[in-house]
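Subject: The model we talked about

Hi,

Here is the model, handed over with my notes below. Have a look at it first, then read on for what turned up.

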Amino acid sequence: MLTFNRRLFSAMALALGLAATPAMAADVEVRFYYPVAVGGPVTKIIDDYAASFEKEHPGIKIKPVYAGDYVQTLGKALTAVKGGDSPELAILLAADLMTLTDDDAVIPFDDVLKSNADKAWLGGFYPAFMENARVKGKTYGIPFQRSTPVLYWNKDMFKAAGLDPDQGPKNWDEMREFAKKLTKKDASGAVTQWGIEIPSDGNTLWLFTGLTTTNGVRLNNAEGDKVTIDHPKVAEALNYWYNLSKVDGAQPSGLINWGTTPRDFIEGRTAMIWHTTGNLTNVRTNAKFPFGVAFLPKNSQYGAPTGGGNFYMFKGISAEKQAAALTFVQWMTAPERAADWSIKTGYVATQPAAYETAAMKAYTADFQQAIVARDQLQHAVPEVTVHDNQRVTKVFNDAVQAVITGSKSTEAALKDAQRDADRILKEFK
Amino acid sequence: MISSQQTGFIARIINTAAAWLLGLVWLLPLLFAAWAAFHTSANTAKLDFLAPITLSNFATAWAAAPFARYFMNTALLVTGILIAQFILCTLAAFAFARLPFRGREALFSLVLIQLIVAPDILLVENYRTIKWLGLVDTLPAIALPYLASAFGIFLLRQTFKTIPTELEDAARVEGCGWFNILWRVYVPLAKPVYLAYGLVSVSWHWNNFLWPLIITNSVENRPLTVGLSVFASLDQGIDWSIITAATLLSSSPLLLGFFLFQRQFVQSFIRAGIR
Amino acid sequence: MTYKPQTTITAWLLVMPAVALLGMFTHVPMIGSVLHSFYSTERPRRPSRFVGLDNYAAMLDDPIFWKALVNNLIYALGSVPFSIALALAMALFVNERITGRGFLRLAYFTPTVMPMIAVANIWIFFFTPDYGLIEQVSQFFHFPAHNWLGSTNTALFCVTLVAVWKEAGFFMIFYLAALQQIPNDLKEAARLEGASGWAIFSQITFPLLMPTTLFIMINALINAFRVVDHIFVMTGGGPNNATTVLLFRLYEIGFKYFDHGQASALSVVLLAVLGMIALGQFLLFDRKVHYQ
């Protein structure tokens, strides 16, 4: 009853606010926390968007706040909320959804959407992105900068190894065979060219989810209060990864740094890598050789986790600001913008309509690789999204790293991790 | 039989060689930074002296972050901290060194605790305090925990104690009050200590990272180090050319300063008798 | 001793600003850490409440805490002696007339003025597998390839090495200052009596440097618990927590998981460690000489 009243009240306030907007002379300021996780002058793209938006919508001022990486931005946003100084909007990890709702920091967009057109807008995004945007039927996240991992391969090296340069590996066995063939050693036995690199230091769990998903196992439930770690299929996925180094010697041993992996690929030190589609533009600009982009190879099925950031709207802001913020989010996620953003950065455009725009068609016509990530979306699952997400993610990362570095057996690592994760999630049941 | 003169000569050669080897190893990161920053990223890992020199990395780095703003923030920050430290530490050190007063020893022992427990350790509580003061995400918030420095007080007190009281007595005879005595006698004689302490303080706060990271949110209030950390956490991975260019940009004022004033700096440390 | 009331008032006014700030950001937070460590973390639907020793129990039950503690001790035991030894060697090198003395002083000191957060990226390059500097050198000598930062058994060594690199040059300055105050005639006399270079060093120079060594040791020990910037960039505490030290863990719990109750308990542990260092200092130092 209480919530109903509150919602009714906010709807009324919203209506009043909207009615009042044109008459009000003062600008509505929308503060927007943005994590700089993309290289290059990405802040400039955002600044330009904000400026064009302001031109089209006099009366609304957008103030982007570049608050560091995702984790730092999350911290800043949560502290600001506790301090009663919430920003109106932020782009934060889709996976931090429950951290935000548990902290009662964000409001569902359903509360601010009024017309049927607005509600239809929610239905326009790829379903794979919406899966970890909702809690208990309410939509808290609007997809903006979203990605999935894909496999990049060096066509010249494939040719040199006698493989079809136009075909990436289709399944686990193929990837393993290819990787072995692609590994080259010099006279002294030192490796001069690696077959594959799947980074294990940085976004570890995300890439691991790629392995578990293609092996047909989901790591968490939809409620985000249960994780599956101590499971034969998870163990199989982890062993497959480890054995690429340990048994086949086709992948460097020890942890592989997320940050140096694209560099390794561009400089021809490895024939294949798993990395984010967010890297397409970077690889395209810097690689001196033809390269291909493929789905993550399947074992029992295709699959990949989605990743990246969603728009969130914060609690405790006026109805007037909510309306202004919503206008901005809708503008930012419109198909033309989604296409433009995807072309400039390599992120996956968040809705099918974006791929129908003229700009996108022109872009993909001579750059087919950009389509792969989109097509993979039909197989995609949300990345691990649970309560106390940062902590649980660390449990996963530690387990994977312990095995990859050879400091724990797979069974022991997964068993410990299951116990630790269960302990963290206990209080959310 | 080798004469002692010869052994001395050989020993000196070995000594010099070891010193230079150590020096080169110590300088390697800087040398690499200089190499990578002036070459395209394709040439980062290759030692090819014919590779073309480029300035584009500096342009890219400069454009990728609001460095002008960061520089200004850091400059304001270190200057503000330094001035406050000089004033606060001088006053306190003078009292501890030369004014006999009730509770002096106990109070000084309390001050010395900060030599051991640096503000860096007390992140969580200091965050609470700053929030309580309503200063989160401001430049003063970065500076506040460091303004009163036990090291500064300790150092100046030691120095003031070595200054002969006759000088003070002479000034007193001329009718000077404590402020004049402090300003005319003590401060000038402690100049090397101020210089040495000042340089340490500036280089420490120029490079301080964790606390500013926690306490600032916005570009407007962020110092260089926090701005730099963004380069280190990119989705696309590390581009050493850009990072090294940014590193050189941000440390160049200190490097240049130390390069120019190296002799004075070392001398002042020696005269300050910091040990 | 009798105190003049007027002097006491003046003195208190002089020390007040510094003492007030110190109290606000050192002493009060120290007490605050202890108090808050007995309270649960405030959550939206669960206000902070007194939980007794629960935070400590959870901490002791956390294997990562123990790992961080052990890592930190290794980090301290690894970095302290090496930075002291190297600082002394550097000071001895550039104290004498040596070719390129100014350049060498500069070279040794540069790490002090460079931001660790950025330099750490350069060190990543040095430690990178295959084409990193260290690997290139070891390939030249046909050593087997090694993934320095990506292995649990060498990552901690790497971050310790970077800490030594960062600190030795700074400590050199203190030794240099001390060396210049050792009267030359002492060494001359010994030399005339036929003492060898080593004998002069071990019998005269080193003992005279003892107070400096102790001072540096204490500072190096304290730094081993507060210098963590490079760990953020180089390893993020990994692989599998192999480079997680106490302050890094404190940041993680306090500002990544926002669990301030747990973070307070960990702060108290750090304070206890520093307290032990202080006690050690008190026992080692002759207080009269240094504080009076």
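This is a predicted model: local features need pLDDT of at least 70, side-chain atom pairs count only at pLDDT 80 or more; totals for chains, interfaces and linings use all residues.

A quick word on terms before the tour: helices here are DSSP runs of H or I with at least four residues, strands are runs of E with at least two, and both are numbered from the N terminus. Counted that way, chain C has 14 helices and zero strands.

For chain C the mean pLDDT is 87, with 96% of the residues at 70 or more. Within that chain, helix 3 (residues 63-95) of chain C has the highest mean pLDDT of the elements, 94, while helix 14 (residues 287-291) of chain C has the lowest, 43. I'd be careful with residues 288-292 of chain C: pLDDT stays under 50 there, and the model has one contact beyond four places in sequence for them.

Chain C overall

The C-alpha trace of chain C spans about 80 × 75 × 30 Å along its principal axes. Chain C has 292 residues, and 50% of them count as buried. Taking the contacts in chain C with a separation of 6 or more, 68% are between residues 24 or more positions apart.

Who touches whom

What does chain C share with chain B? The contact involves 80 residues of chain C and 78 residues of chain B. On the chain C side, helix 1 (residues 5-36) of chain C supplies the largest share, 20 residues. By class, that side of chain C has 56 nonpolar, 21 polar and three charged residues.

Then there is the contact between chain C and chain A, with 20 residues from chain C and 24 residues from chain A. Here the chain C side divides into eight nonpolar, ten polar and two charged residues.

The nonpolar core

The largest nonpolar core has 304 residues, and the members that touch the most others are Ala92(B), Ala87(C), Met172(C) and Tyr175(C). Helix 7 (residues 155-179) of chain C gives the most to this core, 19 residues. Chain A takes part as well: domain 1 (2-146 + 307-370) and domain 2 (149-305 + 381-428) of chain A both give residues to the core, so it lies between them.

Setting aside neighbours within four places in sequence, Ala87(C) is in contact with Ala168(C), Phe171(C), Met172(C), Tyr175(C) and Ile216(C).

The two domains of chain A

Chain A is split into domain 1 (2-146 + 307-370) and domain 2 (149-305 + 381-428). Taken over C-alpha atoms, the centres of the two domains of chain A are 31 Å apart. Where they meet, 19 residues of domain 1 of chain A are in contact with 21 residues of domain 2 of chain A. On the domain 1 side, the elements that give two or more residues are helix 4 (97-102) and helix 16 (369-376) of chain A. Helix 4 of chain A gives the most to that side, with four residues. The domain 1 side has nine nonpolar, seven polar and three charged residues.

Some strands in chain A

Strand 9 (residues 184-185) and strand 10 (residues 191-197) of chain A run antiparallel and are joined by two bridges. One pair to look at is Lys185(A), which stands opposite Val191(A) in strand 10 of chain A. The two strands form a hairpin with five residues between them, and Gly189(A) in the turn has a positive phi of about 95°.

Strand 10 of chain A also pairs with strand 11 (residues 270-276) of chain A, in the parallel sense and over three bridges. There, Glu197(A) has Ile273(A) in strand 11 of chain A as its bridge partner.

One last residue

Is Tyr242(A) buried or partly exposed? This residue is found in helix 10 (residues 232-246) of chain A. Tyr242(A) has 19 C-beta neighbours inside 10 Å, so it counts as partly exposed; buried would take 20 or more. Beyond its neighbours within four places in sequence, Tyr242(A) is in contact with Val403(A) and Ile404(A). The C-alpha atoms of Tyr242(A) and Ile46(A) are separated by 40 Å, and the two residues are 196 apart along the chain.

Cheers

Methods: Residues are numbered from 1 along each chain as its sequence is written. Chains are lettered from A and ligands numbered from 1 in the order in which they are written. Two residues are in contact if their C-beta atoms, placed from the backbone, lie within 7 Å. Ala, Val, Leu, Ile, Met, Phe, Trp, Tyr, Cys and Pro count as nonpolar, Asp, Glu, Lys and Arg as charged, and the others, Gly among them, as polar. A nonpolar core is a set of buried Ala, Val, Leu, Ile, Met, Phe, Trp, Tyr and Cys residues joined through C-beta atoms within 7 Å. A residue is buried if 20 or more other C-beta atoms lie within 10 Å of its own, exposed if 12 or fewer, and partly exposed in between; C-beta atoms are placed from the backbone. Domain bounds come from an automatic or database domain assignment. Two strands pair if DSSP finds at least two bridges between them. pLDDT is the predictor's confidence in each residue, from 0 to 100.
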